[in-house]
Every structure is written in C-alpha cells, then in structure tokens.
Amino acid sequence: MKILIVDDEEMIRGVLREYVEFEGNEAEEASNGMDAVKLCKERDYDLILMDVMMPKLDGFSAVKEIKKSKDLPVIMLSARGEEYDKLFAFELGVDDYVTKPFSPKEVMARINAVTKRRASKPTLNGNEILKFEGLEIDMAGRNVYVDGVKAELTPKEYELLFYLVRNKGIALTREKLLYDVWGFDFYGDDRTVDTHIKMLRGNLKDYRKFIVTLRGLGYKFEE
C-alpha cells in the first residue's frame, strides 16, 4: 500500500513514515496542502494521512480539491478536536479523524480499519445506472438525477444514499448506518443520521418516498 503523509511538522512525518514502512507499506511526504494536491494529480496513492492546519493550503481545502478527481481514503490528523471540525471533515468525505497528540500505533490501527472497511463494502456493477421511477443513480459516476436534473449532494449524502440503495429492502438501524457510513469511531450520535437523511430527502424531492422511516429503529430504501 502506498501512503501519502501530509503534515507541516517534519518530526511527525518522520515518525509516521517509520511506522508505515515498518509494516511493509510505501510512504511519501508533503509539508503542505498545495504540495499534496500536486502529488495526487501526478501519482497514485492508496491512502492519505492529512494534517488540518498547514501553510499555503489547509488540510480541509486540500481534501476538497483532491476528492474532485480521486476517491481516496483520507484520515485527518488535527490538534482541533471540536465536534464542528470533525463533522466538517466527514462532510468532505474523509474516512476517519484522529486528534493530536496521537500514538503512531493508533494511527496504524485506524489505517488498517479504514482499509478493511472500504474493501468490505458491497459494490454493484460499476457501469450500472439504477432507476426508481424518475430517480436515476449512477454508482460509478457518483451522479444522481431527479427527473433528469442532476442533484447536488454533499459527499456524505452520496455515500449515505448509495449505502441505502446497496442494501435495498433491508432495515438499517441508525447505529449500523453510523458504523458503516461514518466509521466505527465517529464521534457523532443518532441525530447525525437523522439530519443527513432529512437533507438527502430534500434533495430527492418527490422520490424522498423511497427512504422509509422505521420508527424507533432507523431507515430502509424501498420501492
């Protein structure tokens, strides 16, 4: 596995690189978000460890730019542990959020967990476009159309909708949605799921009816 380590502190990059390579992975480094974006355009990586506060371009902005062209797993590293920062990071589509100071062993454990979680996600035919009346879902292109008009969803709304569709007809608890869509160590609660479902339904307009509320339990996608 090839991992890009992005942090403006040379010592942190060095320690993380030592652990990453010790477990048999390749590692490359960048000291700011601008260099990280450039490297991701030129090369391929399997995962990114991204600091938040950096010169030239912060980690959030760098992730947003990288995600425009590549759906890479990202673990954010930050001294900012406020819930707002974590929520914003997950909205951008990051896979995990680690608060500094951290143990390099913990970071490696999270890398393994993210990799395993991504590999275990069920997939549909990459070229398949699913149609539910006037709702069209292009899984490979990450596009959703409502009566022919492209819906502007956040990265997390896309992921939530795709997960519901992959598990069509299955009752999904809020806890399972948090675990599988946000990650097992996400610091939110059930309200996070409800809030995103509400926003997603708003964007699906008349086809919100396909996302059924199971009172006291969770949700399911049902035709």
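How much accessible surface does the chain have, and what share of it belongs to carbon and sulfur atoms? In this predicted model, the accessible surface comes to about 11,300 Å², and 50% of that area belongs to carbon and sulfur atoms. Along the principal axes, the C-alpha atoms occupy a box of roughly 55 × 35 × 30 Å. Among contacts with a separation of 6 or more, 55% join residues 24 or more positions apart.

The secondary structure comprises eight helices and twelve strands. Three of the strands form an open sheet in the order β10-β12-β11, with antiparallel pairing. Strands β10 (172-173) and β11 (211-214) stand at the edges of this sheet; each has a single partner strand, so one side of each is left without a neighbour in the sheet. Helix α8 (residues 190-204) packs on the sheet through contacts with β11 and β12, and the direction of the helix makes about 150 degrees with that of β11. The antiparallel pairing of β10 with β12 (residues 218-221) extends over two bridges. Within this pair of strands, T173 is placed opposite G218 of β12.

In soluble globular proteins, nonpolar side chains tend to be buried together. In the present model, the largest nonpolar core contains 54 residues, and M50, M76, L135 and L161 have the most contacts inside it. Helix α6 (residues 155-166) contributes the largest share of this core, namely seven residues. Beyond its neighbours within four places in sequence, L135 is in contact with L130, V144, Y145, V146, L204, Y207, F210 and F221. Another core, of 16 residues, lies apart from the largest one and includes L47, L77, V98 and V107.

V98, one of the residues of the 16-residue core, is located in strand β5 (residues 96-99). With a relative accessible area of 1%, V98 is below the 20% cut-off and therefore counts as buried. Leaving out residues up to four places away in sequence, V98 touches I75, M76, L77, S78, E106, V107 and R110. The C-alpha atoms of V98 and M76 are separated by 6.0 Å, although the two residues are 22 apart along the chain.

Burial also applies to R13, a residue of helix α1 (residues 10-22), which has a relative accessibility of 11%. When residues up to four places away in sequence are not counted, R13 touches I5, D7, D8, E29, A30 and S31.

Several backbone features were found in loops. Most residues other than glycine have a negative phi, and most peptide bonds are trans. The peptide bond from K100 to P101, however, is cis, with omega near -5 degrees. P101 belongs to the loop between β5 and α5 (104-120). D147, which is not a glycine, has a positive phi of about 50 degrees and is found in the loop between β8 (143-146) and β9 (149-150). K205 likewise has a positive phi, near 55 degrees, in a residue other than glycine. The loop between α8 and β11 holds K205, which is exposed, with a relative accessible area of 56%.

Technical notes. Residues are numbered from 1 along each chain as its sequence is written. This is a predicted model: local features need pLDDT of at least 70, side-chain atom pairs count only at pLDDT 80 or more; totals for chains, interfaces and linings use all residues. Side-chain values use heavy atoms; hydrogens and water are left out. Two strands pair if DSSP finds at least two bridges between them. Helices (H or I, at least four residues) and strands (E, at least two) are DSSP runs, numbered from the N terminus. Contact means heavy atoms within 4.5 Å. Axes are lines fitted to C-alpha atoms, for helices over the stretch in contact, and angles run from 0 to 180 degrees between N-to-C directions. Accessible areas come from the Shrake-Rupley method with a 1.4 Å probe; for residues, only the protein chains shown count as cover. Buried means under 20% relative accessible area, exposed over 50%, partly exposed in between (1.4 Å probe, protein chains only). A nonpolar core is a set of buried Ala, Val, Leu, Ile, Met, Phe, Trp, Tyr and Cys residues joined through side-chain atoms within 4.5 Å.
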